[in-house]
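Please open the model in your viewer and keep the selection panel at hand. The tour moves from one selection to the next and says what to look for at each stop.

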Amino acid sequence: MEQNHSTTHEHRDDTGSKLGMWIFIFTELLLFGGLFLVYAVFRAKYFEDFHIAAHQLNVFIGAVNTLLLLISSMTIAMSITAIQKNHKKFALLLLSITFFLAFIFLVNKYFEWGLKIHHHLYPGSDLVLTLTHGEIMFFGLYFFMTGLHAIHIIVGMTLIGYVMVQVKNDRINSGNFQHLENAGLYWHLVDLIWIFLFPLLYLIT
Amino acid sequence: MTSKTTALPPGSFFDQQGKYKGILGWLTSTDHKRIGIMYLMCILVFFLVGVTLGGIMKLELLRPGAQYMDAQTYNGMFTVHGIIMIFMVVIPGLSAVFGNFFLPIMIGAKDVAFPRLNLFSWYLFLLGSTIAVLSQFGGNGPDTGWTFYAPYAINSKTNVSTAVLAAFVLGFSSILTGLNFIVTVHRMRAKGMTWFKMPLFPWSLYATAWIQVLATPIVGITLLMVIAERTLRIGFFDPSLGGDPILYQHLFWIYSHPAVYIMILPAMGAVTEIIPTFCQRKVFGYQAIVLSSLAIAGVGYLVWGHHMFTSGMSDFSRMAFSFLTFIVAIPSAIKVFNWIATMYKGSILIKTPFLYTISFIFQFMIGGLTGLTLGALATDIHVHDTYYVVAHFHYIVFGGMGFAFFAAIHYWFPKMFGRMYDEKLGTVAWAIVFSGFTLLYFPMFILGLRGMPRRYFDYLPEYSSGHFISSIGAFVLIIGIILMVYNLVKAARTGELAPANPWNGRTLEWKVASPPPLENFDHDVEVTEHPYDYE
């Protein structure tokens, strides 16, 4: 990492900024870590119920969403390279694709949740309360974990929107792209958490 | 007296800068010194509210039977007292006030790494505190105790969700402060200030910041789960839906035990600054103090189970947690030895900050040693959930962190406000605070050993003399605190102007004017010597 300290009065520390982002990502991982711990405890306790309840989830939509997030992670990484090479328009296009894919993820999630709610499979519904303890716990975890993840998608989309404006105004350019890189790091985190949520909730049946 | 007051010298950070004047100039300032003082003001107000609630409880407990309130009011009272004191006073406490004000100066920086984020953290703190205060109105205030134990916290009809949300927001503020401090220490140290030339208060803040960052998210998610349970009936911690209340306790204490070290480590750091200055002697075992701070931060993460010895855990877990609890006493004791050894053969100047410091060491040792009684499996069964626990943690949290805060505010007051407090009044206030504290909390050890359970608004007649002495102590303590606050507030307005280095300290904050200029240093700082090189 070359020294970015310029001689001008403005203080800018890209390494510090990136360090801050990484530490924030640790805290996000620990936030979800608490949930994964709860998942592990109840999965061990209600192994069979989790097995049965997981069949209710739509693996196809889950897989499509996984693919969408993986591609979006790629496009945002590419946008950083594009900015480094001064391809502003291409970078904006890639960021728009990332934003769009994130939006489609939420649309899929909306239909997925909508169908569950239509079938009265949501926490606290009369139907769910008649199920076994393990199944109650599974649907509770499903909605809580994917819900919290969806909030993170929205936060990520906000960040992507913000850096898009900055790219447009040339505030982010080949000499100053740390905000874009931080947004990219955050988006990879959102992707990474989904990579764990998908098998834990959908695939282990 | 007021007619003789001289104005502060120009050029300090108190002078108006930027486009807003007056209060707006403060509320929009990203200057770490102004933010530190804004934290100080908020924390002072919350502390006085917490003290008042504590005083009302002691008034109720003065005699057996119901005097002024019913049991439910009392439950609400100790809950709010706990929430305010833990989340709004002692957790931000030293690191938000003195950390913000002095960390950048002591490492020779102009500000923290992310000044705007720093101001945002303060607003989050204010938001969280406001929500906590609002939880008292509209319906009943929460009555679960500050620990929000499930399943009662799930079923209680009081405003638990609001209080839990407040704790979540305050935790977020704490995380962002910790993050800011870590990056500041890594990236902003002055030229020549290597890790092992950094003063010990910044070191303790650094260790604390890692706990803030790594432990707080766990309680964050736990509190969100409690809110989800209350609103959506998910049932993570509700046994009637298959949940596990013990799991709640684990998740809660995974954060809330390290939180004790979030409180005490900066307190230890402040004390480690005060002792060399007031003894004019190089600190004994600099590296041992650094490593013990890191060891406390590390091992302190792994001892949470000792809060749950009677809740239901395997024997092996109980033994492991008990063992680790004893291990964490070692670095704490190393610090005490180092403080005492620093004083040995020093030329000791006994002024108010030093008086608070030595009473800190005294009380911290009582609190720490009684902690070992509680960390031992057999004795814990006997004293669990009694006044012995209440006395123990008040000795650590108030007698330790609180007294270190008082020591630090007197020590750094001339630097922060540019004026001296009245030394004689300060000493008298210390004597009253110290006696009141001992009278208030020491009888609780005996009450606890004799079986008085905590969190009860009434008691059997055999406990009445202990409670009576304790209540008298509370009133003495409150008088002392009022006197101390009066002395400081008066000094901030009309005290004599302070010299740049009233105590002959060696760390960087004493090399700038009192109060410091806006960007702390007029020129770039270069450090060559060790921070405690006294002759």
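This is a predicted model: local features need pLDDT of at least 70, side-chain atom pairs count only at pLDDT 80 or more; totals for chains, interfaces and linings use all residues.

Residues are numbered from 1 along each chain as its sequence is written, chains are lettered from A and ligands numbered from 1 in the order in which they are written, and side-chain values use heavy atoms, with hydrogens and water left out.

**Stop 1: chain A**

Select chain A and colour it by secondary structure, which comes to 7 helices and 0 strands (helices are DSSP runs of H or I with at least four residues, strands are runs of E with at least two, and both are numbered from the N terminus). The C-alpha trace of chain A spans about 70 × 30 × 25 Å along its principal axes. Of its 205 residues, 49% count as buried (buried means under 20% relative accessible area, exposed over 50%, and partly exposed in between, with a 1.4 Å probe and protein chains only).

**Stop 2: where chain A meets chain B**

Now show both chains and select the residues that touch across them: 33 residues of chain A are in contact with 34 residues of chain B, contact being heavy atoms within 4.5 Å. The area buried between the two chains is about 2700 Å², and carbon and sulfur atoms give 79% of it (buried area is the accessible area, with a 1.4 Å probe, that two parts lose on being put together, summed over both). In chain A, the residues that lose the most area to chain B are Ile23(A), Leu30(A) and Phe144(A), which together make up 19% of what that side buries.

Which residues form the salt bridge between Asp13(A) and its partner in chain B? Select Asp13(A) and Arg187(B), whose side chains meet at 2.8 Å, N to O; the rule finds 1 salt bridge across this interface, a salt bridge being a side-chain nitrogen of Lys or Arg within 4 Å of a carboxyl oxygen of Asp or Glu. Side chains of opposite charge can pair when their charged atoms come close.

Next, select Thr27(A), which is found in helix α1 of chain A and counts as buried at 5% relative accessibility. Not counting residues up to four places away in sequence, Thr27(A) touches Ile175(B), Val213(B) and Pro217(B).

**Stop 3: Thr79(B)**

Leaving aside neighbours within four places in sequence, its contacts include Pro142(B) and Trp146(B), and its side chain reaches the backbone nitrogen of Thr144(B) at 3.5 Å.

**Stop 4: charged pairs in chain B**

Select Asp31(B) and Lys33(B), which form a salt bridge with the closest N and O atoms 3.2 Å apart, and both of which are buried.

Then select Asp315(B) and Arg318(B), a salt bridge with the closest N and O atoms 3.6 Å apart. These two residues are separated by about one helical turn, because they are 3 residues apart in helix α11 (residues 315-343) of chain B. Asp315(B) is exposed, with a relative accessible area of 52%, whereas Arg318(B) counts as buried at 17%.

Finish with Arg454(B) and Asp385(B), whose side chains meet in a salt bridge at 3.6 Å, N to O. The pair links distant parts of the chain, 69 residues apart.

Notes
A polar contact is a pair of N or O atoms within 3.5 Å; within protein, one must be able to donate a hydrogen and the other to accept it, and residues adjacent in sequence count only if both atoms are side-chain atoms.
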